[in-house]
Amino acid sequence: MNTDWQYAWSEPTNTGDLKTHAQDFYVEEQLGFEPDGKGEFCYVFIEKLGVNTDFLAKRLAQLAGIAPNKVTYSGVKDRHACTRQWFCLHTLNEEADLSDLHQAFREPESVRLIAQLRHSKKLKTGTHFANRFIIRLRNVAGDLEELEARLQLIQQGGVPNYYGPQRFGINGNNLHNGKEFVLKGRQSRRKLSKTESFWLSAIRSWCFNQALSDQVENGMWNRLCDADIAQFQHKEEQFRVQQRSALMHLSVARGQISPVLPLLSPGWEAGTGPQREAAIKASLADHGELVEALMDFGLSRDSRLARLVPMNMAWELLKEDTGKTQLILEFSLPKGCFATSILREMMNFTDKSAEKYHENSDRE
């Protein structure tokens, strides 16, 4: 299955190293709201380095003396990075003593408790608003004027909102296993296992990327067609395009409004206009059996922006005494979006953590 997606601004020629050190990739989860200071849920904000999100959740449950399913989090954060994220402990009226949390880990792994607050509502998957990234790329080589131009293009025009390679597993294993699983058809109505859900999600995400890649090639990805569903970049508000006014065209050109692509599910055609529907069907025409089998899993209706425009993007190129160049890059992305989608349009980077651990980086 193809994973060589089209570039919006041509394939980059500059090179650089990503995650030479875990601290080179910093992610901070932004909830979008403040815990209200009361209620039966304990929210903890934790900085972790070299630690898996799910493993840390289990450790928190142990220290708080509660069942693992009483600890939730909004999103999975990269293990091979320095990340800050919120966890939610359902402790009722008990106050969790997490003062010894840091002692449960040994170098190079580390955790640090930053804040602990009460809240009246449970933290559910996908609750957070955005993720803020600060990324250091080392050994940057190539035409730096070209790199500056790419950075400005990305800042103003965005990038295709692809699912990152993390979604497809190490060496694409989730795709291979997912295709086999989906083509067998739904064997029973039992709840899917966590692994099966990953496989299903990988196939659905691949279909999205394939359709989006073709639309990047034909220029549809960053313009509106009649009867499209469109969305504001940094809001969840969507609307049907009835008339493409000059003001709307200007908003699209400024990266404020972008088209939405439906994710495959029964009746997905209602989630777009006729021109984009035809384009999606053409992109997946050679995979009709897989698409038909996917429909049998009763997937819920969902959609995703075709274009990703980073928020509050800034950068600096630094010359070292050795003559080498570093790039410091900062931006924020809405939940569910991948920093790798930004980086791939900017630079042909080498993930040094993947070399160290023989695997792709975790989901963002």
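Author: Trp-5, Tyr-162 and Phe-168 come together as one aromatic cluster. Rings of Phe, Tyr and Trp (for Trp, its six-membered ring) pair if their centres lie within 6.5 Å; the pair is stacked with planes under 30 degrees apart, edge-to-face over 60, and tilted for the rest. Bear in mind that this is a predicted model, in which local features need pLDDT of at least 70 and side-chain atom pairs count only at pLDDT 80 or more, while totals for chains, interfaces and linings use all residues. Numbering runs from 1 along each chain as its sequence is written, and side-chain values use heavy atoms, with hydrogens and water left out.

Searching the whole structure turns up 14 aromatic pairs. One of them is Tyr-73 with Phe-87, an edge-to-face pair at 5.8 Å centre to centre, with 70 degrees between the planes. It ties together distant parts of the chain, as Tyr-73 belongs to strand β4 (residues 71-73) and Phe-87 to strand β5 (residues 82-90), 14 residues apart. Helices (H or I, at least four residues) and strands (E, at least two) here are DSSP runs, numbered from the N terminus. Tyr-73 is buried, at 16% relative accessible area, and Phe-87 is buried too, at 0%. For the record, buried means under 20% relative accessible area, exposed over 50%, and partly exposed in between (1.4 Å probe, protein chains only).

Next up, Tyr-163 and Phe-338 also make an edge-to-face pair, 6.2 Å centre to centre and 70 degrees between the planes. Tyr-163 and Phe-338 are both buried.

A charge counts as sitting over a ring if NZ of Lys or CZ of Arg is within 6 Å of the ring centre and within 35 degrees of the ring normal. Lys-235 does this over the face of Phe-232, at 5.4 Å from the ring centre. Arg-344 does it over the face of Tyr-7, where the distance to the ring centre is 4.1 Å.
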